[in-house]
Amino acid sequence: MLTGIKDISSISLPLEETFCISITDSNGTITYVNQLFCDLSKYSQEELIGQNYGLVNPDYTAEKFVSEMEKVFTTNKVWQRQLKNFAKDKSPYWVYATTFPIHGEDGKITQFISLDIAITAKVIANESYEQTLERLLTIENALDQSAAIAVTNRQGVISYVNDNFCKLSKYTAQELIGQTHRIVNSNFHPKSFFKDLWQTISSGEIWKGEIKNRAKDGKEYWVSTTIVPFLDTDGKPYQYIAIRTDISDRKSAEQALEIALKNDFRLTVKNLQNAIFKYTVNQNNKIIFTLFEGKTAEKFGITAENVTSNQLQHIYSEDELKQFTYYFRTALQGKATQFELPFLNQTFLIYLSPIFENDAVIEVVGTATDITKHKEAEKLVEHMAYYDHLTGLPNRRVFQKKVNEVLEHSEKADETFAIMFIDLDRFKNINDSMGHSIGDQLLILVGERLRHCVRKEDIVARLGGDEYVILLPSAPASITEAAASRIVEEMSKPFIIHNHEIFVSSSVGISLFPKDGNDYDTLMTNADSAMYLVKDNGKNNFQFFTEKLHRDMIEKTMIESELRQALKKNQFELHYQPLFNLQSGALTGLEALIRWQHPTLGTIAPSRFIPIAEETGLIIPIGQWVLETACAQMKKWQMVGFPHLKVSVNISFQEFKQPLFAAQLTEIVAKTGLQTECLNLDITESTIYDKANCEITLRQLRDLGVSVSIDDFGTGYFSLSHLTTFPITHLKIDQAFIQRLNSGDQAVIKTIITLAKNLHLTVIAEGVETVEQEHFLQQLQCDEVQGYLYSKPLSTEQVEEFLRNNR
């Protein structure tokens, strides 16, 4: 029996790292939470301890909690439930909670300990999965009415069967699920038969054939089978769906026919469900039918006489009649054959078997089996396998097949074709704000609009999500450019859904054969890369793939690979650029600037690796290193005689939005011994877009005594109201304005400085390089300056010499 827990030290570390842990007393008051619980709820330990679970769950009451726990633990050892909670910022999250009691020495419950697992992503995924199932319900119902359905995983283990499958096999669904199809194996087919089947479907191809099975009661039956593999994003099967139609009657008819051939079987075949016929040729080599019997023949009024006299030929075209005649003549030459015959809105499978006597064909026996329902089911399955369920557009499998066909033709004909990779801009915002139903309707309308933007022979496909691709056969660059321009223009026009105007735009990347690749994967990759370049350059445009883009991709990949090791290998160093009081000329501080000294590539500029670091998330550990190194270095300089200097450090948006940024900063200044008033953080205007979280962090920094500057002010969108509500201390005028003093930017600089003065903010001008620029800024009473007119960025050793000379 568990006894009382005073603190979490009695719980092992793996639990701490895996579960959100909380402990309450017997009245439901929280006495302990671990860090994972705080991260998930966005409350601190101080805010949670002493409260109850009502802080994160509106349905909670202490009385209800204690009562339910005592009731549960009279019969069960633990209490488990999926809960929907709300974090401090009101955002919902889901956990699977497991709660068990802790007893005192007297056996009474003294505490409850709860181990929670976060399942938010799983819940959301399940909701999306349910929507997908609903869309497929119509197709599933259609299949269920006409065929026996079974779904297996990639190993062949059955995960679903419909009622028709159970009726055929005489097994219940419970007996079948978890088994393989060996459960209905009749041992009629050789092992090589199933080996060929598995080789076909495991390679991603559809298999069709006839299989003899054995039911639970021992009765054997035949099924015409189609097996369709469903492929994952890597093109590998992850499950198979098998569609079966009972053809036992046809097989029975064929067997009965073999027996009846030895006798006069007219009376026998009259009662067969399928049509049975015989034919031969007369002296003029004309096909003569000598028998046409069976329920199917009776149903349509078909006799040997009216078939021989060509009374049915008006149903078919001349080309179709030639094709059917070819099959009949092939059988007369001694080769068994089969083909499908459409007849009065139905489809029949015709099987022709030659009868030999003394090595010569004397006649041909045939059967006609109605496979209409099977063909309908087959069409539905084929549509599922080859077309997008939402838009009806071809899917990735069809698109790849078409590209390879066009590629083969273009190689022989020496023609150019193009592939467009299209991604919608801001689609996620629409999906999140207006719901998935609106998002789905928008995707359908986008597909329709794309089809209208291109030629009839062009192929428009949907890869998934908001990604579309277009194949333009026999299309030189001029035709492709016109099509891309039309797509960008048309996609910018509003879509009307439920009387709402919805606006999106598109980013289009283009690759051309053979210039940009001579195989499917290369052309797709290059078109995708060109599309991402459009995204990086402002979206709502198109871009052809170029060799420069290819080189940039290779360089980016190389830099990313090297960047992941740079911190471990101590390849980074900091340089410092001095800041001066413009009026007195006194040195006020230093701005820390990162430099990457690669052993073989030399100095790599921040403009080349910082964007990659931000994109990959590496900016977090790199930024922490910069902050800690700069603080430690400034502390050293203060100790040798420069106590009033400040150090400025640039903070990226990804760093700043970290929930524990202020706490981590507190640890760094405590570790390095630097006073917080000697630290200034430079953030960009884009950081302020996340207003709620930004305001919280800024106020935490103000309480710590750290000053904050808006860097590159004037180059982005920044609400002026933020300057009055957020605890910001400095504005840094972007150097681009300083460099364009003679081009009309004087008024902008005057406005920024006047605004800052009225709000009691310190103004810093970056990039000052000339005396004229300095004089202009002095007249406007700019506070501080930095730039090459005063000093370029200096290494640590150069800064120390600079400080001695400017003591």
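Select valine 460 and isoleucine 470: valine 460 stands opposite isoleucine 470 in S18. Strand S17 and strand S18 (residues 467–472) pair in the antiparallel sense over five bridges; strands are DSSP runs of E with at least two residues, helices are runs of H or I with at least four, and both are numbered from the N terminus. Two strands count as paired if DSSP finds at least two bridges between them. The model is predicted: local features need pLDDT of at least 70 and side-chain atom pairs count only at pLDDT 80 or more, while totals for chains, interfaces and linings use all residues. Residues are numbered from 1 along each chain as its sequence is written, and side-chain values use heavy atoms, with hydrogens and water left out.

Next, display the whole sheet around this pair. Five strands form an open sheet with mixed pairing, in the order S17-S18-S16-S21-S22. Strand S17 (459–464) and strand S22 (541–544) stand at the edges with a single partner strand each, so one side of each is left without a neighbour in the sheet. From one strand to the next, the twist averages 20°, where axes are lines fitted to C-alpha atoms (for helices over the stretch in contact) and angles run from 0 to 180 degrees between N-to-C directions.

Leucine 83 has valine 95 in S4 as its bridge partner. S3 and S4 form a hairpin with five residues between them, and lysine 90 in the turn has a positive phi of about 75°.

Serine 224 is the next selection, in strand S9 (residues 220–231). Serine 224 is buried, with a relative accessible area of 15%; buried means under 20% relative accessible area, exposed over 50%, and partly exposed in between (1.4 Å probe, protein chains only). Leaving aside neighbours within four places in sequence, the contacts of serine 224 (heavy atoms within 4.5 Å) include Glu210, Arg244 and His374.

Which residues of the largest nonpolar core touch the most other members? They are Val649, Leu679, Leu681 and Leu777, out of 72 residues in that core. A nonpolar core is a set of buried Ala, Val, Leu, Ile, Met, Phe, Trp, Tyr and Cys residues joined through side-chain atoms within 4.5 Å. Helix H22 (residues 619–639) gives the largest share of this core, eight residues. Apart from this core lies another, of 33 residues, among them Leu393, Phe427, Ile502 and Leu512.

Finish with the cysteines. How many disulfides are there? The count comes to zero, a disulfide being a pair of cysteine sulfur atoms within 2.5 Å. Cysteine 38 is in no disulfide, and the nearest cysteine sulfur, that of cysteine 20, is 9.3 Å away. Cysteine 38 counts as buried at 6% relative accessibility, and cysteine 453 counts as buried at 3%.
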